[in-house]
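Student: I'd like a close look at one part of this model. Pick a stretch, follow it residue by residue, and tell me what surrounds it.

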Amino acid sequence: MRAGDESGKKVVDWYIHYLGIGITNIVNTFQPNVLCVGGGIGAERETLLEPVRKIVAEERYSVHTMDQTRICSARLGNDAGVIGAALLDE
C-alpha cells in the first residue's frame, strides 16, 4: 500500500472498513470515554486510526451527546502486557 500497490490499498481499505465497524460496535455498546488501540494497529497510528475515526463518527449512536469516545494509540504499544505483568506484586 505504501509503495502505491493498488491491491495492497484495497486490502488495507477492506481492513479499515471492518476495523471501523468493530470499533463502532464497541463504542455503541460500552460508550467508553477512551478507546486505546494497541498492537500492530496502534503502531500504524494515524494511517489506520484517522479513517477509523471517520467511520465511527458516521456510525455511532451518540452523535448528539457532548461526551464522545476518544480513539487513540496505546502509548505502551506491544509492551503493555509485559509492563503490567512486571508491576504485579504477589
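Tutor: Start with Gln31, which sits in the loop between H1 and S1. Keep in mind throughout that this is a predicted model. Gln31 directly follows H1. Its phi is positive, about 45°, although the residue is not a glycine. Gln31 counts as exposed because its relative accessible area is 53%, and the cut-off for exposed is over 50%.

With 61% relative accessibility, Asn33 is exposed. It still has partners from elsewhere in the chain. Beyond its neighbours within four places in sequence, Asn33 is in contact with Gln68, Thr69 and Arg70. Take Gln68: it is 35 residues from Asn33 in sequence, yet their C-alpha atoms are 6.7 Å apart in space.

Now step back into the helix that leads to this loop. H1 covers residues 6-30, which makes 25 residues. At 1.5 Å a residue, H1 should span 36 Å. Its end C-alpha atoms are 36 Å apart, so expectation and model agree.

Next, which residues of H1 are buried? They are Gly8, Val12, Ile16, Leu19, Gly20, Ile23, Thr24, Val27 and Asn28. To read that list, recall the geometry: an α-helix has 3.6 residues a turn, so residues three or four places apart point the same way. What covers the buried residues of H1? The cover includes strand S1 (34-37), helix H2 (39-44), helix H3 (46-59) and strand S2 (70-73).

Take H3 from that cover. The axes of H1 and H3 come within 8 Å and cross at roughly 50°. That angle makes the two helices oblique to each other. The crossing is right-handed. On the H1 side, the residues that meet H3 are Val12, Tyr15, Ile16, His17, Leu19, Gly20, Ile21, Ile23, Thr24, Val27 and Asn28. On the H3 side, they are Thr47, Leu48, Pro51, Val52, Ile55, Val56 and Glu59. By type, the residues of this contact are 12 nonpolar, 5 polar and 1 charged.

Look at one of them, Leu19, which lies in H1. Leu19 is buried because its relative accessible area is 15%, and buried means under 20%. Leaving out neighbours within four places in sequence, Leu19 is in contact with Ile41 and Val52. Compare Gly38: it is 19 residues from Leu19 in sequence, and the C-alpha atoms are 13 Å apart in space.

Then there is Leu49, a residue of H3. Leu49 lies 30 residues from Leu19 in sequence, with 9.5 Å between their C-alpha atoms. Leu49 is buried, at 0% relative accessibility. Setting aside neighbours within four places in sequence, Leu49 is in contact with Val37, Ile71, Cys72 and Ser73.

Arg45 lies in the loop between H2 and H3. Phi of Arg45 is positive, near 50°, and Arg45 is not a glycine. With a relative accessible area of 45%, Arg45 is partly exposed.

Technical notes. Residues are numbered from 1 along each chain as its sequence is written. This is a predicted model: local features need pLDDT of at least 70, side-chain atom pairs count only at pLDDT 80 or more; totals for chains, interfaces and linings use all residues. Side-chain values use heavy atoms; hydrogens and water are left out. Helices (H or I, at least four residues) and strands (E, at least two) are DSSP runs, numbered from the N terminus. The expected span of a helix is 1.5 Å times one less than its number of residues. Buried means under 20% relative accessible area, exposed over 50%, partly exposed in between (1.4 Å probe, protein chains only). Contact means heavy atoms within 4.5 Å. Axes are lines fitted to C-alpha atoms, for helices over the stretch in contact, and angles run from 0 to 180 degrees between N-to-C directions. Angles under 35 degrees count as roughly parallel, over 145 as roughly antiparallel, 65 to 115 as roughly perpendicular and the rest as oblique. A crossing is left-handed if the near helix is turned anticlockwise from the far one by less than a right angle, and right-handed if clockwise. Ala, Val, Leu, Ile, Met, Phe, Trp, Tyr, Cys and Pro count as nonpolar, Asp, Glu, Lys and Arg as charged, and the others, Gly among them, as polar.
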